[in-house]
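Please look over the sequence and the model first, and then read on.

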Amino acid sequence: ATGNVTDFETDQLFSNVQEYLLKIGKPVETISGLPNIDDDLRLHKDLDLFLMGHYAALKIGPGALNLMGGNASASRIADALPESL
């Protein structure tokens, strides 16, 4: 364990996205610091922002941080991209 804390709500990388979604009345639901993303790993249905790694753990499972999890995440995102374009 590295001591890394995963908390979507306090991660500075996503602060502007969170502010925008709060402003339009569609905040991101989190579970134990992880965002409740859809099956395509999209953060919000109205926003084409996809997540991988530890932020996709609720959908990918405990292997989300390893190579197999990265492959599974990339496959889901690739399948969802044509409908986003």
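Rings of Phe, Tyr and Trp (for Trp, its six-membered ring) are said to pair if their centres lie within 6.5 Å, and planes under 30 degrees apart count as stacked, over 60 as edge-to-face and the rest as tilted. By that rule, Phe8, Phe14 and Tyr55 form one aromatic cluster.

The model is a predicted one, in which local features need pLDDT of at least 70 and side-chain atom pairs count only at pLDDT 80 or more, whereas totals for chains, interfaces and linings use all residues. Residues are numbered from 1 along each chain as its sequence is written, and side-chain values use heavy atoms, with hydrogens and water left out.

**Overall architecture**

The protein chain contains 3 helices and 4 strands, where helices (H or I, at least four residues) and strands (E, at least two) are DSSP runs numbered from the N terminus. Read from the N terminus, the order of these elements is α-β-β-β-β-α-α. Along the principal axes, the C-alpha atoms fill a box of roughly 35 × 35 × 20 Å. Of the 85 residues, 29% count as buried, a term that means under 20% relative accessible area, with exposed being over 50% and partly exposed in between (1.4 Å probe, protein chains only).

**The aromatic pairs**

| Pair | Centre to centre | Angle between planes | Type |
|---|---|---|---|
| Phenylalanine 8 and tyrosine 55 | 5.7 Å | 85 degrees | edge-to-face |
| Phenylalanine 14 and tyrosine 55 | 5.4 Å | 90 degrees | edge-to-face |

Phenylalanine 14 lies in the segment before H1 and tyrosine 55 in the loop between S4 and H2, so their pair ties together parts that are 41 residues apart in sequence. Phenylalanine 8 and tyrosine 55 are both buried, and phenylalanine 14 is buried as well.

**A glutamine in helix H1**

Is glutamine 18 buried or exposed? Glutamine 18, which lies in helix H1 (residues 15-23), is buried because its relative accessible area is 17%. Leaving aside residues up to four places away in sequence, glutamine 18 touches Phe8, Glu9 and Asp11, a contact meaning heavy atoms within 4.5 Å.
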